[in-house]
Amino acid sequence: MSTAQRSAPTPSAPHIADSHGLIRVIGARENNLKDVSIEIPKRRLTVFTGVSGSGKSSLVFDTVAAESQRLINETYSAFVQGFMPTLARPDVDVLDGLTTAIIVDQQRMGSDPRSTVGTATDANAMLRILFSRLGTPHIGSSRAFSFNIPSVSGAGAVTVERGGRTVKERTSFTITGGMCPRCEGRGRVSDIDLAQLYDDSKSLDEGALTIPGYTADSWYGRTYRLSGLLDPAKPIRDYSARERDTLLYKGATRVKVEGVNVTYEGLIPKLQKSFLAKDVEALQPHIRAFVERATTTQVCPDCDGTRLNEGARSSKIDGRSIADACAMQISDLAAWVAGLSDASVAPLLESLRRTLDSFVEIGLGYLSLDRPAGTLSGGEAQRVKMIRHLGSSLTDVTYVFDEPTAGLHPHDIQRMNELLLRLRDKGNTVLVVEHKPETIAIADHVVDLGPGAGTGGGTVCFEGTLEGLRGSGTVTGRHLDDRAAVKKTVRTPSGVLPVRGATANNLRKVDVDLPLGVLAVVTGVAGSGKSSLVHGSIPAEAGVVSVDQSPIRGSRRSNPATYTGLLDPIRKAFAKANGVKPALFSANSEGACPTCNGAGVTYTDLAMMAGVATTCEECEGRRFQAAVLEYRLGGRDISEVLAMPVAEAERYFSEGEARTPAAHRILERLVDVGLGYLTLGQPLTTLSGGERQRLKLATHMGDKGGVYVLDEPTTGLHLADVEQLLALLDRLVDSGKSVIVVEHHQAVMAHADWIVDLGPGAGHDGGRVVFEGTPADLVAARSTLTGEHLARYVGA
């Protein structure tokens, strides 16, 4: 055995490969960025700050991370690229020194009913293999434990060529899956109220079908009327049992309608495919209202909500089935798995333990693997995505985080900071878009964008250290050490909203009186039961207007004017002033430019290459026909009005010929929530998370209701914007409304008139009210985690 001799290293000049220590961005112009040029140090933690809408996400996600992903995609063959999302090159002059980017954003996870925490993190896949090896009785491979795979069997003759001869052989096959046949792996079943599908006193010719899109003259309506399978002139109540079965349940059948071959299918299977199999929240509002009216959903009686068939539930390890394991709180499941030992599956057990321990470490031990992924908040979804990266052996990659502290109690933020630092210390570049001072404080490098939002932002106001930021005089620097004081006097409640015996999710028969006529804050560590109490337990008849964290849905044609309903009164005002139809003033209707169909740009598809968008030559990006732009209101055409900032439009519609009270009211609410800088026609796809949250709040402020329930309204808000939000909440309360806020931000807690603190922990360690009273009493008592952190925040 010989050993190689090593000579002592001789000092020499640094290797040229070690000189690439910066990511250089020169001339970035994505969205509102104004020729931004910066240098980001590699293998360091850089925090990007600035008011909401200042360009942080445009720089970090839409420029640096987007170009990194595009370049990686280009390394694959053209064939593979055809199956991948096509990414356009960001509008930037130079991007140098990029490394592989791993994006961990706050996009909600898939809301498919079959997508769960376990399937999203591969924990379910490992559990299935574990039960297929150790479960007794043995029922099959890992597929037998999957609620996404149905059991299938078949038999028949197959033709095989052997030795130049064609031979027919009889064969059979069986696939053992774990899917519950009754609910098809969804855990819930829907029953349809037939009375909501048709008016049985009418015939099909008379428009008996009351389903959206199924009128007598619609394509679907004509298919049923002219299929030849039913008498279209006969009232449905006079149908025989066979005719009724044909209308409701008949399987797919080819028929000829108006000379065209089409597929006829009964109403029930048709609706189950087109409406009921989809996420209800993703449906259009009128279709969602129909589905909610026509269906009743309940836990599947066959599988008791576990999604698994009887065979999958019968196989057990140490007395637990895979359904029992997935229903356990992850912190308990981790302890159970730690107690298992079998040499034949040792690597699998080790990997599963690591994954489950990562859940606990990241503060998500209160979840269960069978929790639907669509029910996670933005912050929870982001942390679930972090799970697979925590134990990764990769180094020298760029991790990009979008407000990783969103939805976290101050107690949990310290743990998140430690995880970010650990990723950095492994030799990775960590880029974080963040507003919380606790996370800004751990940065090696800070980039502050601004000075304002929208067109008032898009420039780099400061680059350097935390201490340099404090003395920089920027908006972030001035507000970095802001601390709200606890109110000396609080409002007196005008009444109470009683909640009795609340048991939603982890709540333990909670009885609490939520005060009315004041600003009440419900707080507690993540997973303590706040949302379950506020969204799941407040009586529906209480006149509640709920503004939750569900994302705003909209295409690039959607904008603040369409989303808030502002465009309707504007179109009517233009139509009235010019004596024409309102539809002319919609870029999605008769007034649209015929060349670009009202999009303002034309898109050229280049297959696996990024598509090219060019400004429409006909309308020059204004989206309307030239004839429509001849019509004016108060000296402006419709395209000029949509190009106005909200603050300017608010003045424009308040006086003179353009005075439109209905439009002015909506614009006032947009100004109130701090969106005065947005243009009316700005696509929703370009808005930041904080801007979308406030746009939703402004829209709901017009709803009729005495109680406003807001779910973490400070998400995505800069320190300076929080002051404006508190002023808005005060105005709501002073106008006679009751405001209940689910919140972690200490400034909102200190400003409250009443605090309800849930805990003491998360999951089954929470679900109880641990404090009720004023902020001053909470600070004085320091009896809960929230009390300790709030006392430290206000300097008590």
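Begin by selecting Glu67 and Arg89, whose side chains meet in a salt bridge at 3.8 Å, N to O; a salt bridge here is a side-chain nitrogen of Lys or Arg within 4 Å of a carboxyl oxygen of Asp or Glu. Glu67 lies in helix α1 and Arg89 in the loop between α2 and β4 (92–96), so the pair ties together parts that are 22 residues apart in sequence. Helices (H or I, at least four residues) and strands (E, at least two) are DSSP runs numbered from the N terminus. Glu67 is buried, at 4% relative accessible area, whereas Arg89 counts as partly exposed at 41%. Buried means under 20% relative accessible area, exposed over 50%, and partly exposed in between (1.4 Å probe, protein chains only).

The model is predicted: local features need pLDDT of at least 70, side-chain atom pairs count only at pLDDT 80 or more, and totals for chains, interfaces and linings use all residues. Residues are numbered from 1 along each chain as its sequence is written, and side-chain values use heavy atoms, with hydrogens and water left out.

**The whole chain**

Zoom out to view the chain, which has 28 helices and 27 strands. Its radius of gyration, taken over C-alpha atoms, is 30 Å, close to the 28 Å that the globule rule gives for 796 residues, so the chain is as compact as a globular protein of that length. That rule is 2.2 Å times the number of residues to the power 0.38. The C-alpha trace spans about 95 × 80 × 65 Å along its principal axes, and buried residues make up 49% of the 796 residues.

**A surface patch**

Next, select Tyr76, Phe79, Val80 and Phe83, a nonpolar patch on the surface with about 470 Å² of accessible area together. Such patches consist of residues with over 30% relative accessible area and no salt bridge; like charges are joined within 9 Å, and nonpolar side chains (Val, Leu, Ile, Met, Phe, Trp, Tyr) within 5 Å. The areas come from the Shrake-Rupley method with a 1.4 Å probe, and for residues only the protein chains shown count as cover. Tyr76 is in the loop between α1 (56–73) and α2 (78–81).

**The nonpolar cores**

Now select Ile570, Ile638, Phe653, Leu680, Leu729 and Val739, which touch the most other members of the largest nonpolar core, a set of 70 residues. A nonpolar core joins buried Ala, Val, Leu, Ile, Met, Phe, Trp, Tyr and Cys residues through side-chain atoms within 4.5 Å. Helix α25 (residues 719–734) contributes the largest share of this core, seven residues. Apart from this core lies another, of 69 residues, including Phe401 and Leu480.

Centre on Leu729: beyond its neighbours within four places in sequence, Leu729 is in contact (heavy atoms within 4.5 Å) with Leu519, Leu710, Val739 and Val741. From Val739, move to His445, 294 residues away in sequence and 38 Å away in space, C-alpha to C-alpha. His445 is in strand β16 (residues 445–450) and is buried, at 14% relative accessible area.

**A salt-bridge network**

Finally, select Asp753 and Arg491, a salt bridge whose closest N and O atoms are 2.7 Å apart. The two residues are 262 apart in the chain, with Asp753 in the loop between α26 (746–751) and β26 (754–759) and Arg491 in the loop between α17 (475–479) and β18 (495–502). Asp753 is buried, at 2%, while Arg491 is partly exposed, at 22%.
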